[in-house]
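This report walks through one protein model for a reader who is meeting it here. Please keep the sequence and the 3D view at hand while reading.

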Amino acid sequence: MTGRLLAERLADGGLDPADVLAKTALYQRVLSAFRQIVGSPPAHAWWVPGRLEVFGKHTDYAGGRTLVAAVPRGMAVVAGPRTDGALTVTDARTGERCTIDPSDPPAPFTGWRSYAGVALQRLARNFPGSDISGDIVFASDLPVAAG
């Protein structure tokens with residue numbers, strides 16, 4: 001799996017071909033960071049598009065109606081399994097990392113790390129006994145604090 005191949009798959013799915021170079025660089029960043037941290041290639045890779053909320057801002061989280069559209073900017077994410085029960089999430093752009101063990105009390109994370117902590121705690125509560133450990137590396141081309 002290469003950054004170029006992943007970006008070309010996005011173009012095959014409708015991404016403007018002019019954006020392939022930028023997405024290639026984003027994927028190369030997360031793939032390289034993952035290999036450096038874990039020592040092997042990731043098992044999974046995704047593109048998570050940003051969204052433009054046209055109507056019903058954040059009401060969908062509470063079951064309300066909303067109208068959203070995907071935007072070309074977003075997050076390149078790669079992941080692989082771990083065997084120790086912990087989840088490690090790394091921002092490939094800044095090098096910031098957090099390691100979360102779902103059996104520990106919620107940690108007082110700040111910024112994007114709090115989202116990772118809350119999501120892991122929720123998964124652990126909703127799916128007790130499930131192995132939700134792993135290594136995740138992401139990089140985003142969304143504007144900072146864009147939501």
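What share of the contacts in the protein chain with a separation of 6 or more comes from residues 24 or more positions apart? Such residues account for 58% of those contacts, where contact means heavy atoms within 4.5 Å. The structure is a predicted model, in which local features need pLDDT of at least 70 and side-chain atom pairs count only at pLDDT 80 or more, while totals for chains, interfaces and linings use all residues. Residues are numbered from 1 along each chain as its sequence is written, and side-chain values use heavy atoms, with hydrogens and water left out.

## Overall form

The protein chain holds 3 helices and 5 strands, and from the N terminus on its elements follow the order α-α-β-β-β-β-α-β. Helices (H or I, at least four residues) and strands (E, at least two) are DSSP runs, numbered from the N terminus. For 147 residues, a compact globule would have a radius of gyration near 15 Å, and the 16 Å of the protein chain agrees with this; the radius is taken over C-alpha atoms, and the globule rule is 2.2 Å times the number of residues to the power 0.38. Along the principal axes, the C-alpha atoms fill a box of roughly 45 × 45 × 25 Å.

The accessible surface of the protein chain comes to about 9,200 Å², and 57% of it belongs to carbon and sulfur atoms; these areas come from the Shrake-Rupley method with a 1.4 Å probe, and for residues only the protein chains shown count as cover. Of the 147 residues, 32% count as buried, a term that means under 20% relative accessible area, with exposed meaning over 50% and partly exposed in between (1.4 Å probe, protein chains only).

## The sheet and its covered strand

The 5 strands form an open sheet in the order E1-E2-E5-E3-E4, with mixed pairing. Its edge strands are E1 (44-55) and E4, each of which pairs on one side only, and neighbouring strands of this sheet are turned by 25° against each other on average, direction ignored. Two strands pair if DSSP finds at least two bridges between them. Helix H2 (residues 20-38) lies across E1, E2, E3, E4 and E5 and runs at about 30° to E2; for such angles, axes are lines fitted to C-alpha atoms, for helices over the stretch in contact, and the angles run from 0 to 180 degrees between N-to-C directions.

Strand E3 is mostly covered, 5 of its 5 residues being buried. Both of its faces are covered, with Leu 87, Val 89 and Asp 91 buried on one side and Thr 88 and Thr 90 buried on the other. E3 and E4 run antiparallel and are joined by 4 bridges; Leu 87 stands opposite Ile 100 in E4, and Thr 88 has Thr 99 of E4 as its bridge partner. The hairpin of E3 and E4 has 5 residues between the strands, and Gly 95 takes a positive phi near 80° there. E3 and E5, by contrast, run parallel and are joined by 5 bridges, and Thr 90 has Val 137 as its bridge partner in E5.

## Salt bridges

A search of the whole structure finds 6 salt bridges, each being a side-chain nitrogen of Lys or Arg within 4 Å of a carboxyl oxygen of Asp or Glu. The table lists some of them.

| Pair | Closest N to O distance |
|---|---|
| Arg 51 and Glu 53 | 2.5 Å |
| Arg 113 and Glu 96 | 2.9 Å |

Arg 113 lies in helix H3 (residues 112-126) and Glu 96 in the loop between E3 and strand E4 (97-100), so the pair ties together parts that are 17 residues apart in sequence. Arg 113 is buried at a relative accessible area of 17%, whereas Glu 96 is partly exposed at 34%. Not counting residues up to four places away in sequence, Arg 113 touches Glu 96, Arg 97 and Cys 98.

Asp 135 is buried at 8% relative accessibility, while Arg 82 is partly exposed at 21%. Arg 82, Asp 84 and Asp 135 are linked in a network of salt bridges.
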